[in-house]
Amino acid sequence: MRTEAATLPGSPERPNEDWVATALPVSGGGGTVVVLDGVTPPAGDDGCVHDVPWFTARLGGALTELSASRPDMTLPEILSLAIRRTADTHRDTCDLSHVRTPQATVAMARWNATSVEHLVLSDSALLLEAPDGSVRAVLDDRLDRIPDEIRRSLPATDRLRNQEGGFFTAAADPEVARRAVTGTTPRAAVRALAALTDGATRWVDLFAEGDWADCFDVLRNEGPHGLLARVRTREAEDGTAGGATRWKRHDDATAAYAVL
């Protein structure tokens with residue numbers, strides 16, 4: 001059993017808003033991977049005195065501790081409790097009802113001797129590799145279904161944030177855990193797995209350098225650092241050529257890889 005993780009900030013002038021953690025019990029019988037992508041708020045008031053890295057560190061820390069120490073809880077239950085715990089740390093100082101209160105996407109997995117559980121909320125991704133080398137991508141595509149013309153408008157996007165018919169992120173409402181994409185796979189059917197923020201999935205879904213199986217090959221052969229380096233190279237080439245349009249030229253990028 002082996003895990004690797006890497007993360008790069010989108011800009012040296014801004015703090016990295018991603019979070020990544022892995023945990024392997026001493027017994028060697030299982031493990032957990034947690035990846036968060038903090039949602040960068042637009043300039044202006046978001047009702048909170050804390051920044052996004054403060055939020056992702058607390059939510060990520062709670063998710064890592066609970067997923068590693070509470071096998072009696074499901075991943076949605078763990079996400080719900082972690083959101084509640086995080087909200088309790090700043091509900092007395094901040095307006096948690098604000099639509100842009102600090103929030104994050106979530107991709108996490110937990111495995112034991114018999115099964116592999118997964119949970120994805122918003123546009124981070126989880127990849128599961130089978131023993132035959134085939135790769136299944138677990139995705140929450142609700143944000144992708146929103147037309148670009150709506151996503152370019154902050155008020156229009158805010159009206160769909162954590163709303164039916166829109167998309168969901170981990171913010172201050174524990175009930176959002178019920179909206180996550182979840183599932184369980186037999187341990188024997190998963191050889192390795194990976195969790196990626198959308199800054200890392202650009203290699204597939206923005207630059208079209210390969211499919212998810214190709215992405216997994218990069219992780220296996222070059223590790224998470226290798227995948228992130230490839231993304232930064234393509235971003236630089238694309239920026240020089242004036243190519244693909246995107247929300248940010250560089251985004252925080254995080255990848256975690258685990259061989260079960």
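A residue is called exposed when its relative accessible area is over 50%, buried when that area is under 20%, and partly exposed in between. Ala 208, at 60% relative accessibility, therefore counts as exposed. The model described here is a predicted one.

**Overall architecture**

- The protein chain contains six helices and 10 strands.
- Its C-alpha trace spans about 50 × 45 × 35 Å along the principal axes.
- The radius of gyration of the protein chain is 18 Å, which agrees with the value near 18 Å that a compact globule of 260 residues would have.
- Of the 260 residues in the protein chain, 52% are buried.
- Among contacts in the protein chain with a separation of 6 or more, 69% are between residues 24 or more positions apart.

- Most residues other than glycine have a negative phi.
- Ala 208 has a phi near 55 degrees, a positive value in a residue other than glycine.
- Ala 208 is found in the loop that runs between helix 5 (198-205) and helix 6 (212-241).
- Asn 162 likewise has a positive phi, near 55 degrees, and is a residue other than glycine.
- The loop between helix 4 (154-160) and strand 8 (181-186) holds Asn 162.
- Asn 162 has a relative accessible area of 25%, so this residue is partly exposed.

**The second largest pocket**

- The volume of the second largest pocket is about 270 Å³.
- A total of 18 residues line this pocket, and those closest to its centre are Arg 161, Asn 162, Gln 163, Ala 171 and Asp 173.
- The lining of the second largest pocket comprises six nonpolar, seven polar and five charged residues.

**Ser 124, a buried loop residue**

- Ser 124 sits in the loop between strand 5 (115-121) and strand 6 (125-129).
- With a relative accessible area of 2%, Ser 124 falls under the 20% limit and is therefore buried.
- The side chains of Ser 124 and Thr 105 form a polar contact at 2.7 Å.
- Beyond its neighbours within four places in sequence, Ser 124 is in contact with Asp 37, Thr 105, Val 106, Ala 107, Leu 196, Thr 197 and Asp 198.

- Asp 140 belongs to the loop between strand 7 (135-139) and helix 3 (148-151).
- Asp 140 counts as buried because its relative accessibility is 5%.
- A polar atom of the Asp 140 side chain lies 2.8 Å from the backbone nitrogen of Ser 122.
- The Asp 140 side chain also makes a polar contact, at 2.8 Å, with the side chain of Arg 142.
- Apart from neighbours within four places in sequence, the residues in contact with Asp 140 are Val 120, Leu 121, Ser 122, Asp 123 and Val 181.

**Arg 84, a helix residue**

- Arg 84 is part of helix 2 (residues 75-88).
- The relative accessible area of Arg 84 is 42%, so Arg 84 is partly exposed.
- When residues up to four places away in sequence are not counted, Arg 84 touches Arg 91 and Pro 174.
- Arg 84 and Asp 37 are separated by 47 residues in sequence and by 18 Å in space, taken from C-alpha to C-alpha.
- Asp 37 is also one of the residues in contact with Ser 124.

Notes: Residues are numbered from 1 along each chain as its sequence is written. This is a predicted model: local features need pLDDT of at least 70, side-chain atom pairs count only at pLDDT 80 or more; totals for chains, interfaces and linings use all residues. Side-chain values use heavy atoms; hydrogens and water are left out. On a 1 Å grid over the protein atoms alone, a cavity is a set of points where a 1.4 Å probe fits but cannot get out, and a pocket is an open set with protein on both sides within 12 Å along at least five of seven lines; lining residues have an atom within 4 Å of a point. Grid points are joined across faces, edges and corners, and a volume is the space filled by probe spheres set on the points. Ala, Val, Leu, Ile, Met, Phe, Trp, Tyr, Cys and Pro count as nonpolar, Asp, Glu, Lys and Arg as charged, and the others, Gly among them, as polar. Helices (H or I, at least four residues) and strands (E, at least two) are DSSP runs, numbered from the N terminus. Buried means under 20% relative accessible area, exposed over 50%, partly exposed in between (1.4 Å probe, protein chains only). Contact means heavy atoms within 4.5 Å. A polar contact is a pair of N or O atoms within 3.5 Å; within protein, one must be able to donate a hydrogen and the other to accept it, and residues adjacent in sequence count only if both atoms are side-chain atoms. The radius of gyration is taken over C-alpha atoms; the globule rule is 2.2 Å times the number of residues to the power 0.38.
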